[in-house]
Amino acid sequence: MSDVKVPFADFSPMHKELSDELFKAYSRVINKNIFIHGEECTKFENEFADYCDAKYCVGVANGLDAIYLILKALGIGRGDEVIVPSNTFIATALAVSYAGADPVFVEPTIETYNIDITKIEEKITKKTKAIIAVHLQGRAADMDAVNAIAEKYGLHVIEDAAQAHGALYKGKKVGALSEAAAFSFYPGKNLGALGDAGCVVTNNKTIADKVRALGNYGSDYKYHHIYKGTNSRLDELQSAFLRVKLPHLDKWNEERRKIAAKYIDGIVNPLIKLPLKSDKTYTHIYHVFAVRCSERDKLETYLASKGIGTVKHYPIPMHLQKAYEDLGLKKGSLPIAEEISSTILSLPMFYGMTQEQIDYVIETLNNFD
């Protein structure tokens, strides 16, 4: 197996299967000569809302904008605080900052990487207006617990589902487990566009209408502006590509779960800490398959030398980034986020991985010492 190479991700198996449909979608958009606010976007919004078992979907430019627009639609801004997991991608916190509010970091559980519901209440103040529950790596947060805390304190709940397209919580799709959910369709996502794209999913018409207006220069109809909005719209071409891909999402997610199960059953190296298995409560979609190792950098170098691609998600936690030095959080202030950041390494995980590639990753990890 020494000649086997395993990239961290490879879109070619997926796109090869869909190439004819993708080119037809491209031609369809080009021939119609409508590139913004056309029927492709409208149809995708309806299809994705149905997929999430939700009433409304509003296409936007990217996942960060999706969170930001939800916050703005909820009236959250200057002087407000929003609870955010301490180990998510920085976009979650940036959206809060863009809205004018302050992110308040709450530690995750080290087993799930999702927000620790036992630590939320201690961070709630009179300024707290919302909790953003991130479904990190494709595993749903404990939404019943988050919603119960929010109800107790009169807070909004937002799902950051950027990594969780099709994930289930107690048999229900993420995206319809809160007031509104933000999705990213960045190309590397389980449902990825061929460029930047995102959406907001909600069962609340008022939120949907306001997000749509805010993302269209604050306009509810042409040249009539009711908010000081921005430009954040899902274009026709990306909508058409996403419509081609959406019917295949569940198949792709199921294959990821099968690959993850093989990893979890096959990797027996005591130096490697594995993620939790998918189960009936948390139906994981493994956007990322992340392991932890106390000698993470050594493991990264070792795997690279064996032709196996990896990614560190995320090597510097948000509170130690220069962008958030104004929060005054020093090293040691959020030890679980810091522990995860210093030990986590994501393994290859993509639709179309061969059995030979899977076996090679497992064998190589088991030989690490």
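**Briefing: sheet and helix packing**

Strands E1 and E9 (residues 198-202) run antiparallel and are joined by five bridges. The model is a predicted one. Within this pair of strands, Val58 stands opposite Val200 in E9.

- An open sheet is built from seven strands with mixed pairing, and its order is E1-E9-E8-E5-E4-E2-E3.
- Strand E1 (56-60) and strand E3 (102-106) each have a single partner strand and stand at the edges, so one side of each lacks a neighbour in the sheet.
- From one strand to the next, the twist averages 25°.

**Helices H8 and H11**
- Helix H8 (residues 249-266) packs against helix H11 (residues 355-366) at an angle of about 30°, and their axes are 10 Å apart.
- Because of this angle, H8 is roughly parallel to H11.
- The crossing in which H8 passes H11 is right-handed.
- On the H8 side, the contact is made by Ile259, Lys262, Tyr263 and Gly266, which meet Gln355, Ile358, Val361, Ile362 and Asn366 in H11.
- Five of the residues in the contact of H8 with H11 are nonpolar, three are polar and one is charged.

Terms used. Residues numbered from 1 in each chain as written. Predicted model: local features only at pLDDT ≥ 70, side-chain atom pairs only at ≥ 80, totals over all residues. Heavy atoms only, no water. Axes fitted to C-alpha atoms, helices over the stretch in contact; angles between N-to-C directions. Helix = DSSP H or I, 4+ residues; strand = E, 2+ residues; numbered from the N terminus. Parallel < 35°, antiparallel > 145°, perpendicular 65-115°, else oblique. Left-handed = near helix turned anticlockwise from the far one by under 90°. Contact = heavy atoms within 4.5 Å. Nonpolar A, V, L, I, M, F, W, Y, C, P; charged D, E, K, R; others polar. Pairing = 2+ DSSP bridges.
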